[in-house]
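Colleague: I would like to learn how to read the interfaces and sheets of a model like this one. Could you take me through them?

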Amino acid sequence: MSDSARPAIDPAVRAYIDERLAALTRDLPDNRVTLVVFSGDLDRHLASLVIATGAAAMGLEVSVFYTFWGLAALKKQSVLSGKSLKEKMFVAMTPATLSKMPLSKMNFGGMGRAMLRTMMKEKEIASIEELFAMARDLGVKQIACTMSMDVMGITKDELIDGVVLGGVATFLGDAARSRAAFFI
Amino acid sequence: MSDSARPAIDPAVRAYIDERLAALTRDLPDNRVTLVVFSGDLDRHLASLVIATGAAAMGLEVSVFYTFWGLAALKKQSVLSGKSLKEKMFVAMTPATLSKMPLSKMNFGGMGRAMLRTMMKEKEIASIEELFAMARDLGVKQIACTMSMDVMGITKDELIDGVVLGGVATFLGDAARSRAAFFI
Amino acid sequence: MSDSARPAIDPAVRAYIDERLAALTRDLPDNRVTLVVFSGDLDRHLASLVIATGAAAMGLEVSVFYTFWGLAALKKQSVLSGKSLKEKMFVAMTPATLSKMPLSKMNFGGMGRAMLRTMMKEKEIASIEELFAMARDLGVKQIACTMSMDVMGITKDELIDGVVLGGVATFLGDAARSRAAFFI
């Protein structure tokens with residue numbers, strides 16, 4: 001029913017209703033999904049990307065907050081110059097990029113990972129790099145956790161383009177307005 | 001206050017209020033909890049079943065979406081015939097069924113798992129198989145991730161009866177209407 | 001607009017609106033975040049404490065439910081007397097307290113953990129013990145899972161002061177009224 005076709009309502013009554021409803025609507029979640037990707041495992045990143053691209057394709061706003069081991073997904077490549085000895089050791093101990101992540105289970109020195117990749121290819125399922133690119137195309141917001149960057153000595157230059165920097169307040173701001181939020 | 005006992009309100013006013021409220025109510029979450037079980041660890045499946053049965057017992061609708069390593073919980077038994085070599089290797093590398101899953105930590109070749117089972121029995125806590133059966137009795141919806149089935153070459157015949165098949169859209173549809181959703 | 005300044009509205013209309021809105025408001029989430037910490041890994045506990053303190057600092061109510069391996073964060077120290085042989089073995093197999101937890105990855109027998117601690121100190125980021133104390137100061141509710149205590153034979157005396165005991169219903173009650181809930 002359009003407003004003009006509606007029978008006359010006392011403007012004071014309508015104003016009261018609208019005001020009360022506006023207050024309530026502010027407390028409703030947005031059409032939004034928020035993920036925090038803590039893990040550095042290929043399979044968990046795969047799951048996060050399937051959820052993120054799926055949600056974006058369904059018209060939901062999606063924020064993915066990459067923290068701790070998960071941050072590797074946003075790295076261009078490992079950089080050693082300008083880093084302290086401890087930071088260099090941390091670089092050596094952690095996966096360089098998304099493509100080099102191990103599986104959480106049955107990795108067998110990369111054999112499980114290679115097998116999974118081949119099987120996905122044979123079934124014509126998008127590879128993890130394709131899913132990552134698809135997420136960006138669909139407007140998924142990718143946020144690098146500044147505290148993790150700080151601890152590990154990673155600078156903005158080491159991250160791929162288009163990444164937003166943010167702290168826990170950024171993440172919680174998005175999560176608290178979401179229909180669903182996941183820690184992966 | 002019943003509707004008949006209520007003092008007269010202009011029908012146009014009441015219609016306006018009801019219409020506005022109906023739109024808002026559609027945006028509220030259902031009395032629903034959604035879990036995605038990605039893990040293939042016995043202890044994490046145990047946690048998911050305690051949450052699922054607890055929520056169902058409290059009168060909440062519950063959907064559990066089994067994906068990746070988690071899918072093993074829905075398998076009758078490992079099937080090798082009709083599978084490609086890679087699919088067979090994947091079968092060999094992953095836990096056959098719920099009962100054969102390892103612990104995420106301190107598994108010690110099954111000793112931790114056996115100890116946990118005995119301790120639960122001594123304390124008269126339901127076993128994982130009992131919790132799984134209880135979840136089904138309480139009407140928990142169990143969904144097998146079709147993309148995971150596809151990647152791993154698992155067919156519907158290999159799954160226990162009563163399982164629903166679904167993709168990421170099914171999962172997100174339930175999650176977005178839930179009071180709480182967890183990635184386990 | 002204050003109620004006195006508002007133009008007159010039929011009291012019956014106002015009562016109808018208020019009653020309908022009150023019912024709807026009861027279904028909205030509280031300003032609340034709920035975490036369930038299942039993991040016994042230092043890095044995951046670190047993430048949970050950053051989220052918990054961040055949310056509390058933003059004015060959200062926070063409940064953290066410690067279950068299974070996560071329960072170690074609430075233990076004063078390992079106690080052996082009065083325990084059955086199996087319970088003693090479980091104590092020996094699990095981390096004693098928060099400070100003794102390993103990293104989920106790259107722990108290298110404690111070297112990764114020590115390195116992470118030093119790097120956090122150098123960057124003047126609060127240590128995990130400081131974050132834990134901060135969470136308590138900010139009023140984060142810490143709940144020990146009674147079922148886990150029961151399985152592992154842990155008594156209330158073994159837990160630090162100020163911890164609330166609760167089961168899955170307590171946890172789900174909080175989670176279902178939360179803006180965001182995470183399984184960590």
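Predicted model: local features only at pLDDT ≥ 70, side-chain atom pairs only at ≥ 80, totals over all residues.

Colleague: Let's start with the interfaces. How many residues of chain B and chain A take part in their contact?

Modeller: Chain B brings 42 residues and chain A brings 43 residues.

Colleague: And how do I put a size on that?

Modeller: The size of an interface is often given as the accessible area lost when the parts come together. For chain B and chain A the buried area is about 3800 Å², and carbon and sulfur atoms give 75% of it. On the chain B side, Tyr16(B), Met93(B) and Phe183(B) supply 18% of the area that chain B buries against chain A, more than any other three residues.

Colleague: How many salt bridges does the rule find across the interface of chain B and chain A?

Modeller: Three. A salt bridge here needs a side-chain nitrogen of Lys or Arg within 4 Å of a carboxyl oxygen of Asp or Glu. Take Lys123(A) and Glu87(B), whose side chains meet in such a bridge with an N to O distance of 2.7 Å. There are also seven residue pairs in polar contact between chain B and chain A, with both residues at pLDDT 80 or more.

Colleague: Which elements of chain B supply at least two residues each to the side that touches chain A?

Modeller: They are helix 1 (11-26), helix 3 (85-93), helix 6 (146-152), helix 7 (168-176) and strand 5 (180-183) of chain B. Helix 1 of chain B gives the largest share, eight residues. Sorted by class, the side of chain B that touches chain A holds 28 nonpolar, six polar and eight charged residues.

Colleague: Now the other interface, please. What do chain C and chain A bury between them?

Modeller: About 3800 Å², with 76% of it on carbon and sulfur atoms. Here 43 residues of chain C are in contact with 42 residues of chain A. The rule finds three salt bridges across this interface. In a bridge between Arg20(A) and Asp18(C), the closest N and O atoms are 2.7 Å apart. Seven residue pairs are in polar contact between chain C and chain A, both at pLDDT 80 or more.

Colleague: Which elements of chain C give two or more residues to the side that touches chain A?

Modeller: Look at helix 1 (11-26), helix 2 (42-57), helix 4 (111-122) and strand 5 (180-183) of chain C. The residues on that side of chain C divide into 29 nonpolar, five polar and nine charged.

Colleague: On to the sheets. What is the strand order in chain A?

Modeller: Five strands of chain A form an open sheet in the order 4-3-2-1-5, with parallel pairing. Strand 4 (164-166) and strand 5 (180-183) of chain A are the edge strands, each pairing on one side only. Neighbouring strands of this sheet are turned by 20° against each other on average, direction ignored. Inside the sheet, strand 1 (residues 32-37) and strand 2 (residues 61-66) of chain A pair in the parallel sense over six bridges. You can find Leu35(A) opposite Val64(A), which lies in strand 2 of chain A.

Colleague: In chain C, why is one side of strand 4 and strand 5 left without a neighbour in the sheet?

Modeller: The open sheet of chain C has five strands in the order 4-3-2-1-5, and the pairing is parallel. Strand 4 (164-166) and strand 5 of chain C stand at the edges with a single partner strand each, so one side of each has no neighbour in the sheet. The twist averages 20° from one strand to the next. Strand 2 (residues 61-66) and strand 3 (residues 141-145) of chain C pair in the parallel sense over four bridges. Ser63(C) stands opposite Lys141(C) in strand 3 of chain C.

Conventions: Residues numbered from 1 in each chain as written. Chains lettered and ligands numbered in written order. Heavy atoms only, no water. Contact = heavy atoms within 4.5 Å. Buried area = accessible area lost by both parts, 1.4 Å probe. Polar contact = N/O pair within 3.5 Å; in protein donor to acceptor, adjacent residues only side chain to side chain. Nonpolar A, V, L, I, M, F, W, Y, C, P; charged D, E, K, R; others polar. Pairing = 2+ DSSP bridges. Axes fitted to C-alpha atoms, helices over the stretch in contact; angles between N-to-C directions.
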